[in-house]
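This report describes selected local features of one structure, beginning with a pair of packed helices and ending with features of the backbone in loops.

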Amino acid sequence: MENPGFLPRISHEDVSQAAQLIQQAYNPQSQLSSEDQRRLQQQLFDIQKRAEAWGLVIPFLNHSDYNVQFFGAHTAQVKIARDWSSFPEENAPQLRELIVDLTGLAITSGRSKVILRKLFVAISSLALKLSSRQPSQWPDWLVSTVQRLSVMGASSEHLLDFLAIVAEEVESADLLASNKSTIRSTLSDAIPMVTQAIVTCMSRPRPHPSPNELRSALKCLEAWLSYLPADNITPLIPGLLMLLTPMQQSPPYEFEEEEFVPASDALQEIMSKSALSDGAGTKTLTEPLLVWCDRYGGALIEQTLSAGFADSVSRSFCKLLAGLGEHSNQYLASSLASSVVPSPVLPDILASPSLPTKSHLVHNYLKLLLAYTSLPGYHGVDEEESELTLGFWYLFQEALWNTDAELDQGEVDAAEHIKAEKDQWIVAKAVYSELVKVLRRKVVWPPADVLRGWTRDQRDKFQAYRRDVGDTLINAYYILRDDMVTYYVDELARYLSLRQPNDGWEEAEGTLHCIMAVQESIPIEPNPDLCRLFSAEILGRLPISGGGRVRRTMILLIGSYASWFTTQPVVPPSSSAPSLLLNALSYVVSALTEPSLCLPAANTLRDLCDANRTALAPHIVAFGELHAQVANIPDTEKSKVLQSIASVIQALPPEEEIPPIEAILTPVIAKLFEALQSSSFQEEARAVAIQQILILAGVSKGLTRTVDSLLVLDESPEEQAEIERMKRARDDPCVVRLREVILDAIQRTINLWSTDASISNALSELIKAITALPSDVTLLTLPPGPLLELICIASQRQLTAVWFNLAQMLVTQLNPPSLLPTLFKPIPTAEAHAIVLNALAALLQATLSFFSQPGTMEANPDIVQAFFTFVDVIAQHFIPVFYQLPHDLFNALMQCAISALSLQERYSLVSACTFLGAIVNKTSTNDDLKEAKTMLIQTHGRSILRAVLCGFAGQAPRSANPNLIEVLSTMVTRFPAETRTWMAEILYADDFPPSKATPEAKEKFLKSIFSSRSLRRTRDAAQQFTLVARGLEGSSFGYASVTM
């Protein structure tokens, strides 16, 4: 086909040159470097962008090389989708005819389906554009295109492929509601044609003469499901069931893969994405499938077990079972013990004069699903299907909770209701009991010699499967409750009693994993099964050396149940009675010196001590012995161990905390100062310093009480007495000296290594742990003022987000919230005011100097965000300090914040918006800042508004629109007269950024803003103006991108 007159004409030489580029770029034998590949791709992209590229479509499609043909089809699709606005409107009808003709020729020429797909997408895209015009330039595009392609020789298979792509393209098209309604109406008109084509293909004699055609028909059905009403889907289901059914009706059954798999896929889509989803179609979909499963499902399971693996038919059947369970879980739950005989709509081949009861069908279904759940072998190595069934058990558990058991028809009394519910739960418990047995077996690791042959991916997949099983076990627990834990503990006890010395620990580890998985569901109350678990009967028989995986799992299990031990009676040191808590603690401590177990052991020790500090406090002497062994514990975990000891110390009276805390920290501080004074081996000294800082942080965390101070009324006599005791203990000369030494160590560390990222992160951990609100102070708590001064010193050497985050926290502590409701916000002290003013001035000078370098704000979004969050906190708590700054410094801050409103990184821009809104609001509402209010608005008000309006017009990312609207709303509310004047000046100024907003749109925007100064009205007006200014009006994407 020659190029028609309305397309650009390109010389044969230019076409050949472009084709050579394509062949060079896509030839697998060219062995291009990545740089050459990128260069060629860019050249092809540039060619495609040019208006003349329309003229390449026909020559490329006529080319003998497949890659060039593909690029020709791709160019047609891309030009229609991306460059349509530049195509002459008067040539659209001719292009429409051309694209359809080119597609017909490609079909009859035997072009590949990949190329045809591109052309089908091009037709769909062009049809959506032309039919959306008023009046429509292609009103009957779908039916007419099918008819024309058919006349040109397109087969049913190709027409079905085209219809499928049409539905997919319409579904994903960016159209306004009115246009989408028109397109959907076009598709609705074509439904009879589509369903007839599908039925005709499905009805051919079996085995199907053209598996590809059948696959295309069922893919077409899947694509059209969202447009088909239930009445059009229901007649197709018997045909799909026929395709699942083996052709011979006597065992052994043989299932046709090329029919079974696509039919199964289509049924799965019907159950999940059609008008029959969410449990609809009981008689036409659920029950027919259950009857089919009852008839043939067992044979599929037998074939799978006999073969030793799930083939494509078996895997597809597993997916079908899972899909049926998701669709019909409420039916399955209500029919679990039903004696009602169903009356489904069945194809002739499944019809029977006597059908089993609903409960029989449901039990058979659950049996089939459990068979896949319990497939032999290890998931990820021997089978991949068991995981597909796990999601059902959650849905089934929810359905059992929320669905009443089905009763026989007729009047029933309360007793029959109760009996039906009881029968339902008897069956449910039996099913879930079998499930927990199956899953316990499936999570057991293989013996070590087998595991050594696994790849890393297989290990990771099995580990992930175990986590998924853990989630499923939680659902089982909600059905079985204590019976489930009893089963697992009994299994453990039985295994340990029968275990031989040379046996592995894999079985025990798998059971422990199951018990650990359900921890979050088990109530924190006395539990005899857990008492057995942590007693000598089970815990006492687990290995305390070797046996790596089972020890690790038991240690993690103890940590997950740390809070449960609080239900046990406190055993004094003098008592000979066994203590489950001490049993668990001893088991964990024994692993601390082993490198492979020290991490989980240290974490578990920390959790145990934190949750049970009061019960462990009487045993503080034993923790002294643990402290004496700290030298044998790997350095990486020492901080957690010492944090654990500190947690127990915190439960002592404050004055009794002093000696053990001194004993713990004295060697730590000495080692830190030794590292700080080291003149050689700087890298080693730095590593030692970091370790000691983290230990200090861990001890400080441990001393923090577990009860949130916000939940404690500081007016209660008990709390006041405790606070007084803490004050007296803090005034002890030894404790005062200890805090002074720690503060000196922090200062020396900052002076020496503040620019080191690892050091700053460690210091951040320490400062967060060692500072607190007044009601949370410990022996070690340092005042925020001196630390804030040190933060300023560190920031002047190197700005980081870490220092700003710490500064923000310390500023908040200088004006702590009241723990009791009050009408008046507490006023910061003069000392706190002075500290914040000095810190703000120092940090502003360092920051603004840093930001003044070109590109710095863009390159450091984390610092920008942290900085504006810091000044926002000051605006919230210490607003007057801004107006005590030197004028030039304050003005520089405001100019920096205003310039940040054009940043493209969203979080930086949002934090700047938040600060500007806060400073305007807080200044305006403070009666002592009337002059400052006038100065603020007169100096910076117009600039703020201009930055906001330019952001609407395109200088800011759309995602920040809600935050810009908040700033605008604040200005409109606080300064309405000035805002109205300035907005008009800015919008109509010659230097306002070019946009699609006309003078009429700007006038409408102004009127909408000031007709009612509500946030909602401002938001709606600003969103509409944004759409207009950015040229997105009339686009559903535009509306979606700015909608809050």
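The axes of helix 32 (residues 682–703) and helix 35 (residues 757–770) approach within 8 Å and cross at roughly 20°. Axes here are lines fitted to C-alpha atoms, for helices over the stretch in contact, with angles running from 0 to 180 degrees between N-to-C directions. Helix 32 and helix 35 are therefore roughly parallel to each other, a term for angles under 35 degrees. Their crossing is left-handed, that is, the near helix is turned anticlockwise from the far one by less than a right angle. Helix 32 contributes Arg686, Ile690, Ile693, Leu694, Leu696, Ala697, Ser700 and Lys701 to the contact, and helix 35 contributes Ser758, Ile759, Ala762, Leu763, Glu765, Leu766, Ala769 and Ile770; contact means heavy atoms within 4.5 Å. These residues divide into 11 nonpolar, 2 polar and 3 charged. Ala, Val, Leu, Ile, Met, Phe, Trp, Tyr, Cys and Pro count as nonpolar, Asp, Glu, Lys and Arg as charged, and the others, Gly among them, as polar.

The model is predicted: local features need pLDDT of at least 70 and side-chain atom pairs pLDDT 80 or more, whereas totals for chains, interfaces and linings use all residues. Residues are numbered from 1 along each chain as its sequence is written, and side-chain values use heavy atoms, leaving out hydrogens and water.

Leu672 lies in helix 31 (residues 654–676); helices are DSSP runs of H or I with at least four residues, numbered from the N terminus. Leu672 has a relative accessible area of 1% and is therefore buried, the term for values under 20%, with exposed for those over 50% and partly exposed in between (1.4 Å probe, protein chains only). Beyond its neighbours within four places in sequence, Leu672 is in contact with Ala689, Gln692, Ile693, Leu696 and Ala745.

Asp278 is located in the loop between helix 14 and helix 15 (282–307), and Arg481 in the loop between helix 21 (456–480) and helix 22 (482–498).

Cis peptide bonds also occur in loops. One runs from Arg206 to Pro207, with omega near -5°, and Pro207 belongs to the loop between helix 10 (191–202) and helix 11 (211–224). Another joins Pro251 and Pro252, with omega about -5°; Pro252 sits in the loop between helix 13 (237–244) and helix 14 (257–273).

Technical notes:
Helices (H or I, at least four residues) and strands (E, at least two) are DSSP runs, numbered from the N terminus. Angles under 35 degrees count as roughly parallel, over 145 as roughly antiparallel, 65 to 115 as roughly perpendicular and the rest as oblique.
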